[in-house]
Amino acid sequence: MRGDLRAIDQYGQPSVTRAEPYYLPSGDEVALFEQCHARRLAVMLKGPTGCGKTRFLEHMAWRLQCPLVTISCHDDLTASDLIGRFLIRHDGTIWQDGPLTRAVREGAICYLDEVVEARQDTVVVLHPLTDYRRMLPIDKTGETIEAAAGFQLVVSYNPGYQHLLKDLKPSTRQRFVALDFEFPAGDREAAIIEREGGADRATARALVSLGHRLRGLRDRGLAEVPSTRLLIAAARLISSGISVRQACYSAVISPLSDDESLVGAMRDLVDATFV
């Protein structure tokens, strides 16, 4: 029996000790990731928002008994935010490692969530860690760190949510082994909602049916379709006593759109699903 997972956030603070994160495999992604980790290959998790990429990685870190450092990428994320910086204190100037540097030193899995949101000059600093060199040069200190055993770089990427001027360059994409994720198949998604949302089987299946119907609105202007995460949120509200329709309106429909015609169409689908 494996032990608990030691997780570290992007500020270097350990989170509470966790038991096995629940994940229901859909194919051979677990075996593929294990082989990538054993062979020190960087991995890209591709798929829509809320389809289980982050949960999958949490589960794999638990299986492999590796610390997990998670970094949420955004427009203002700089190379210094990843690598580290000098800090001025009352007793002098000290160097403070960033989350990427800590992961390299400790042999942790470093996860950059939605890497496409980071600036391109920030992404470039990852390149020496994704090939045979497995090293991190720190220009400010003149140090070059060789990645400790167990270190692995993992990024997530949503191909359907990219902008014309914000995409990964081929020189970056080709440094990763890509694992493709989609929303779970019907029975599997219902099992996940039942387990994670605390819903009964009938409610879980109805939420899956609603999700499939709403995802059909993508061609009618819905920018983001409902994720498994949103369906789980609705299930949790329902299991806590909130009415089915109110839970679906608040947890699923309202987060997806403010367009009156789309909201009206989605409300109609809720009413048709939960007669």
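I began with glutamate 114, which I found in the loop between β6 (109–113) and α5 (120–123); helices (H or I, at least four residues) and strands (E, at least two) are DSSP runs, numbered from the N terminus. I note that this is a predicted model, in which local features need pLDDT of at least 70 and side-chain atom pairs count only at pLDDT 80 or more, while totals for chains, interfaces and linings use all residues. Residues are numbered from 1 along each chain as its sequence is written, and side-chain values use heavy atoms, with hydrogens and water left out.

**Two backbone angles**

I looked up phi for glutamate 114 and read a positive value of about 55°, although this residue is not a glycine. Most residues other than glycine have a negative phi. Glutamate 114 counts as buried because its relative accessibility is 18%, where buried means under 20% relative accessible area, exposed over 50% and partly exposed in between, with a 1.4 Å probe and protein chains only. I then turned to arginine 40, also not a glycine, and found a positive phi of about 60°.

**The whole chain**

For the chain as a whole I counted eleven helices and ten strands, and I noted that its C-alpha atoms fill a box of roughly 65 × 45 × 40 Å, taken along the principal axes. Of the 275 residues in the chain, 47% are buried. I also looked at contacts (heavy atoms within 4.5 Å), and among those in the chain with a separation of 6 or more, 72% join residues 24 or more positions apart.

**Cysteines**

I searched for disulfides, taken as pairs of cysteine sulfur atoms within 2.5 Å, and the count by this rule came to zero.

**A strand hairpin**

Next I followed strand β4 (residues 84–89) to strand β5 (residues 92–97), which run antiparallel and are joined by six bridges; strands pair if DSSP finds at least two bridges between them. The two strands form a hairpin with two residues between them, and I noted glutamine 96 in β5 as the bridge partner of arginine 85.

**Helices**

I compared helix α8 (residues 201–215) with helix α9 (residues 228–239), whose axes come within 10 Å and cross at roughly 140°. From α8, the residues making the contact are Thr203, Leu207, Gly211 and Arg215, and from α9 they are Thr228, Leu231, Ala234, Ala235 and Ile238.

Last I looked up alanine 190, in helix α7 (residues 186–197), which counts as buried because its relative accessibility is 6%. Leaving aside its neighbours within four places in sequence, I found alanine 190 in contact with Ala204, Arg205 and Val208. I also checked alanine 190 against valine 115, and they are 75 residues apart in sequence and 29 Å apart in space, C-alpha to C-alpha.

Notes
Axes are lines fitted to C-alpha atoms, for helices over the stretch in contact, and angles run from 0 to 180 degrees between N-to-C directions.
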